[in-house]
Amino acid sequence: MTNFTYSTAALEQLQKSDPEIFKALMDEEVRQSEGIELIPSENYCFPEVYALLGSVFNNKYSEGYPGRRYYGGQENTDIVENLARDRAKALFRAEYANVQPLSGSPMNQAVYFGLLQPGDTILAMDLSHGGHLTHGAPVSHMSKIFNFVRYKTEQPSGKIDFDKVRTLAQQHKPKMVLCGFSSYPRELDYASFKKIADEIGALTFADVSHIGGLIAGDALANPMDFGFDVMTTTTHKSLRGPRGGMILAKKQHGPALDKAVFPGLQGGPHMHQVAATALTMKLAATDDFKLYARNVIKNAKILATTLMEGGSQLVTGGTDNHMMVVNTVAWFNLSGDIAEKALDAAGITLNKQMIPDDPLPPLKPSGIRLGTPAATARDMGENEMKQLGGLMLRTLRAADNAATLAKLREETKAICDRFPVPGVTKDRPFDHKARSAA
Ligand SMILES: Cc1ncc(COP(=O)(O)O)c(C=O)c1O
């Protein structure tokens with residue numbers, strides 16, 4: 001791995017101009033290096049991504065699309081946006097791509113506004129069963145504009161009963177059938193969603209934000225291969241790119257989706273992000289990335305087995321993808337927020353999580369959610385998954401013992417020290433701690 005995140009000259013300037021922000025940045029590098037990141041939506045981006053995010057593309061206004069912009073000076077931005085779109089289409093086998101969404105939430109809003117009318121009905125996964133906020137959470141503005149009807153997963157298997165989905169579809173006649181999740185450890189049956197949508201003439205939409213990298217790496221099925229109308233993915237999760245989103249679709253939806261993104265929702269695209277997306281599409285098409293995607297799932301299965309053998313209850317009893325959800329109340333008598341805090345103290349970062357039909361509230365839910373994209377990007381494998389699973393179990397059993405948590409933190413650090421964060425290596429031309437104390 002290369003050893004850069006930002007140029008040394010830029011850092012030295014930053015240290016002089018804004019010592020407080022400089023210190024926070026150095027401390028964050030230390031935090032990310034010494035602890036393990038198990039939040040399943042997080043990752044370490046490809047090191048080259050930093051070069052583009054910190055580049056002069058940040059300075060450019062490029063409202064519009066390649067070849068039809070509202071500002072001059074677009075000869076280089078047109079190149080990067082065309083490359084990003086063409087590479088995204090090739091990678092995901094899609095006829096159309098829009099790489100301008102600033103992040104995942106505006107990307108999904110653009111799909112709803114582009115393909116539906118206010119008041120239309122969308123059939124989507126229930127939130128406590130794994131759906132995302134933008135899939136119709138009452139606190140999201142989207143639920144005020146569109147009418148969301150929800151299907152659930154069966155418990156404890158986590159399977160989706162397609163007879164029930166069909167009954168809801170026939171009853172509510174949604175204009176769009178949405179599948180995709182933020183917290184669901186199983187593979188989705190895209191063929192069944194498509195069949196039900198076709199029966200009622202609805203559009204099919206897959207939000208694969210979490211698993212975009214696993215689809216790109218051919219480790220999971222691709223909804224576009226099942227004839228889906230539209231698919232969205234964030235670029236910063238399993239894809240290891242810049243923060244952002246992209247929309248992939250059948251060609252016929254292109255004009256409406258382009259208009260929905262710009263000028264419908266956004267002004268100038270973030271061209272430094274678009275350039276980094278182009279790079280990410282190239283790197284995600286390599287054999288190395290295919291291996292990475294397979295290893296993410298392999299590691300998740302090993303971690304899940306370690307946790308279950310150690311007495312944890314996993315929602316759906318395991319995982320098919322990169323993530324798992326643990327019911328911490330059932331086995332450790334800890335609500336998810338307490339478990340999250342204890343694990344943080346032991347250097348293990350993950351997030352509290354609602355379980356299906358959770359009787360507890362979102363900020364004090366019954367479980368935690370974790371995953372392996374970031375650990376795998378550090379080249380961790382079977383041994384480390386077993387060690388980390390063991391550390392998690394010991395932490396959850398000693399959640400109120402500060403001395404034990406401090407000891408466990410040292411053990412986590414010892415593992416992490418052997419696996420540098422991509423782009424943040426020890427042989428950088430400065431010492432983090434010395435700089436951060438400066
Ligand atoms: C399925 C899904 N869709 C959309 C989003 C929104 O992405 P962002 O946080 O970039 O707005 C997320 C983020 O976690 C997600 O999991």
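The protein chain divides into domain 1 (53-283) and domain 2 (287-417). The model is a predicted one. Between the C-alpha centres of the two domains the distance is 28 Å. Domain 1 puts 23 residues into the contact, and domain 2 puts in 25 residues. On the side of domain 1 that touches domain 2, the most comes from helix H9 (residues 212-216), which gives three residues.

Helix H10 spans residues 254-265 and has twelve residues. From its first C-alpha to its last, H10 reaches 15 Å. This is close to the 16 Å expected at 1.5 Å a residue.

Which residues of H10 are buried? They are Leu257, Ala260, Val261 and Phe262. These four lie on the same side of H10, because they cover an arc of only 150 degrees around the axis. An α-helix has 3.6 residues a turn, so residues three or four places apart point the same way.

Turned away from the buried side of H10, it carries Pro255 and Pro263, both exposed.

Several elements take part in covering the buried residues of H10. Among them are three strands, S2 (64-65), S4 (96-98) and S10 (245-249). Helix H5 (104-115) is also part of this cover.

Methods. Residues numbered from 1 in each chain as written. Predicted model: local features only at pLDDT ≥ 70, side-chain atom pairs only at ≥ 80, totals over all residues. Helix = DSSP H or I, 4+ residues; strand = E, 2+ residues; numbered from the N terminus. Expected span 1.5 Å × (residues − 1). Buried ≥ 20, exposed ≤ 12 C-beta atoms within 10 Å, placed from the backbone. Arc of directions from axis to C-beta. Contact = placed C-beta atoms within 7 Å. Domains from an automatic or database assignment.
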